[in-house]
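Student: I have a model open and want to learn to read it. Where do we start?
Tutor: With the fold, then the surface, then the rings.

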Amino acid sequence: MDRLQQLLRNSFIRLEGLLYQIFGFFRKIWGLFYQRLLMLLQVLGFSNSSYYVESDRQNNLESAEDRQITEVKSEKIEPSFTPNRRRPPQMEYYRKLAGQVNPKQK
């Protein structure tokens, strides 16, 4: 039985190595293809991102000069605190206990 398990393990390891080599070959070919495609696109001028934005940039500069800049002042909003809110009765019980233990706390 041990020989059968060893044979299966070795076969699996060899199959795994073979698949690793095959997929590695396809990965190299895809990498070369992708690299050549990127070089072709760069030669054709598709990699320059400012190529499409040039006319928009000039229009935005002209329209920005026409607009007036207005400042918006933000007011600080402080959280509201209501000191008149009644404390839960359970807290009062615990406060009394704490006062009895440590009379300096009051």
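Student: What pattern does the protein follow along the sequence?
Tutor: The model is predicted, and its pattern reads α-α-α. That comes to three helices and zero strands.

Student: How much of the protein is buried?
Tutor: Buried means under 20% relative accessible area. Here, buried residues make up 2% of the 106 residues. The accessible surface comes to about 11,900 Å². Carbon and sulfur atoms hold 57% of that surface.

Student: Which residues make a nonpolar surface patch?
Tutor: Patch members need over 30% relative accessible area. One patch of about 920 Å² is made by W30, F33, Y34, L37, L38, L40, L41, L44 and F46.

Student: Is W30 buried or exposed?
Tutor: The cut-off for exposed is over 50%. W30 has 53% relative accessibility, so W30 counts as exposed. F33, at 47%, is partly exposed. Y34 is also partly exposed, at 43%.

Student: Where do W30 and F33 lie?
Tutor: Both are in helix 1, which spans residues 2-44. They sit three residues apart, about one turn of the helix. Y34 is found in helix 1 too.

Student: How many aromatic pairs are there?
Tutor: Ring centres must lie within 6.5 Å to pair. By that rule the count is three. W30 and F33 form a pair with 5.4 Å centre to centre and 40° between the planes.

Student: What is the geometry of that W30 and F33 pair called?
Tutor: Under 30 degrees would be stacked, and over 60 edge-to-face. This pair, at 40°, is tilted.

Conventions: Residues are numbered from 1 along each chain as its sequence is written. This is a predicted model: local features need pLDDT of at least 70, side-chain atom pairs count only at pLDDT 80 or more; totals for chains, interfaces and linings use all residues. Side-chain values use heavy atoms; hydrogens and water are left out. Rings of Phe, Tyr and Trp (its six-membered ring) pair if their centres lie within 6.5 Å; planes under 30 degrees apart count as stacked, over 60 as edge-to-face and the rest as tilted. Helices (H or I, at least four residues) and strands (E, at least two) are DSSP runs, numbered from the N terminus. Buried means under 20% relative accessible area, exposed over 50%, partly exposed in between (1.4 Å probe, protein chains only). Accessible areas come from the Shrake-Rupley method with a 1.4 Å probe; for residues, only the protein chains shown count as cover. Patches are made of residues with over 30% relative accessible area and no salt bridge: like charges are joined within 9 Å, nonpolar side chains (Val, Leu, Ile, Met, Phe, Trp, Tyr) within 5 Å. A salt bridge is a side-chain nitrogen of Lys or Arg within 4 Å of a carboxyl oxygen of Asp or Glu.
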